[in-house]
Amino acid sequence: MHEKIIILDFGSQTTQLIGRRVRELNVYCEIVPYNKMPKDDPSVIGVILSGSPFSVYDDKAFSIDLSELRGRYPILGICYGAQFISYTLGGKVEPAGSREYGRAHLTHVDGGNPLFADIDEGTQVWMSHGDTITAIPEGFKVIASTDKVAIAAYQAGEEKMWGVQFHPEVFHSEQGTQLLRNFVVGICGAKQDWSAASFIETTVAALKKQLGDDKVVLGLSGGVDSSVAAVLLNRAIGSNLTCIFVDHGMLRKNEFHNVLHDYECLGLNVIGVDASQKFFSELSGVTEPERKRKIIGKGFIDVFDEEAHKIKDVKWLAQGTIYPDCIESLSITGTVIKSHHNVGGLPEKMNLRLCEPLRLLFKDEVRRVGRELGMPEHLIGRHPFPGPGLAVRILGDITPEKVEILQNADDIFIQGLRDWGLYDKVWQAGVILLPVQSVGVMGDERTYERAVALRAVTSTDAMTADWAHLPYEFLAKVSNDIINKVKGVNRVCYDISSKPPATIEWE
Ligand code: XMP
């Protein structure tokens, strides 16, 4: 069993980032809700308390019994975590005169403290807090300040417990990773042996043990997660794994055939099902985005279920669920903006046991595992694509003609990104078919045709995203090509909204 750091989640937006940073140090960690600290787990070597949207003195503030952790594990409190420790043990936390957001610089850094090894005086850190620790408990010592706050970091005397008011996990904290390394490696003694190769070795062994000679089905989507899950399972149980790839008719141009071919080359035992007619007829006339998602989700389950029943003695359903999906579903303050869980009802309906070999990995780790498994780069480096596919990129009702228009425009855009070396620079890109027509002129003819919007974003986790600043020359070329080659489109726009407040997809 791998040694691990536990991150207790008090609901901050950046909790996942703490996890990513720790994993980037090749140290395994798990994020659990603040009140779900694993009991008597000998593999735990340290605990991090995250930030929170609450103030320590709010009625609703999340609270834990610190005595269950103190003396057992080294502890690091970040933002709310730091305030909580200090407040609970007799310090003072007060609303800051002015809320402090953004960059600050550390002063009076105690370089001799193990938390600050190799961290420079004046280093930039990122603050995001409405409250400030104005007094620390007796015996605690201040180990860094900023211009605005006297207590930017502290240690609880000689005890292995620290608190930092700033966010070392965010990119703008220049030496944040060093600070986390000091805690995780220097103080907790992590061995840094968590890697894609070690993950594959332990997971393949665990899957062999878990599944034995049982038969397993897995739904492939063409995306990275389900593909990597399939190859990993294939390595563990070979032909006892059957993969089912359903074409709901809303995939990218030629995608069904291309991806099916890739899967066959990977040696997967895969069944391709063309169910597009069923989906087109069920979606006919439907305009409401959530309704489209529900229809596709349910239709997918029906098709999958029918196919899976043709295979004898299946015991398990495997899914490419990854860590952010799990964290999202156990999020303690989360609000559902869009229902992303396309196949949520599948396990219940099929009465199969669930196998999710990637459920503890972040997206970039899934990619590393895929590479280590020898999967081709064009499968690994693929942009994310929504489960309901082009259905959520056609605003309004869906028809096969509209899908074809969108597929053609999308193909020009995506191929263009590849040709110009831009594909890997953006997180995700696609075209949206708008429910408007506008007047144009082609040759001497008046046209009255559709408008499409190009969308390309940069991101690291899809939680936040910025519009990609693509070169004008590229946009000009794509716009020209689309209008000239895609019949039915006479106007191209570029979406320059960031997330938040917009989302990546339009529906
Ligand atoms: P939004 O639009 O919420 O998208 O900013 C964030 C990421 O999730 C993808 N997405 C989906 N994925 N089923 C999925 O599997 C869905 O219904 C769905 N909706 C959005 C989106 O493409 C982006 O990567």
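What follows are my entries, grouped by the part I was looking up.

**Ground rules**

I reminded myself that this is a predicted model, where local features need pLDDT of at least 70, side-chain atom pairs count only at pLDDT 80 or more, and totals for chains, interfaces and linings use all residues. Residues are numbered from 1 along each chain as its sequence is written, and side-chain values use heavy atoms, with hydrogens and water left out.

**Entry: the five-stranded sheet**

I looked up the strand order and got β12-β11-β10-β13-β14, an open sheet of five strands with parallel pairing. Helices (H or I, at least four residues) and strands (E, at least two) are DSSP runs, numbered from the N terminus. Two strands pair if DSSP finds at least two bridges between them.

Which strands sit at the edges? They are β12 (270–274) and β14 (353–355), and each pairs on one side only. I also noted the twist, which averages 30 degrees from one strand to the next.

Then I checked one pairing. Strand β13 (residues 314–318) is joined to β14 by three bridges, and the two run parallel. Leu317 has Leu354 of β14 as its bridge partner.

**Entry: helices on that sheet**

Helix α6 (residues 255–265) packs on the sheet and touches β10, β11 (241–247) and β12. Its direction makes about 170 degrees with that of β12. Helix α4 (residues 196–211) lies across β10 (215–220), β13 and β14, and runs at about 170 degrees to β14. For these angles, axes are lines fitted to C-alpha atoms, for helices over the stretch in contact, and the values run from 0 to 180 degrees between N-to-C directions. Contact means heavy atoms within 4.5 Å.

Is strand β3 buried or exposed? Six of the six residues of β3 (residues 44–49) are buried, so the strand is largely enclosed by the rest of the structure. Buried means under 20% relative accessible area, exposed over 50%, and partly exposed in between (1.4 Å probe, protein chains only).

Strand β1 (residues 4–9) runs parallel to β3, with five bridges joining them; Lys4 has Val44 as its partner in β3. β3 also pairs in the parallel sense with strand β4 (residues 75–78), over three bridges.

Among the buried ones are Tyr80, Phe84 and Ile85. Just after α2, Gly90 takes a positive phi of about 110 degrees.

**Entry: the second largest pocket**

The second largest pocket holds about 520 Å³ of space. A pocket is an open set of points on a 1 Å grid over the protein atoms alone, where a 1.4 Å probe fits, with protein on both sides within 12 Å along at least five of seven lines; lining residues have an atom within 4 Å of a point. The volume is the space filled by probe spheres set on the points.

I found 19 lining residues, with Tyr28, Phe199, Thr203, Ala206 and Leu360 nearest the centre. Which element gives the most to this lining? It is α4, with six residues.

**Entry: Thr464**

Thr464 sits in the loop between β16 (445–458) and β17 (466–467). It counts as partly exposed because its relative accessibility is 46%. Its C-alpha atom is separated by 5.2 Å from that of Lys499, 35 residues apart along the chain.
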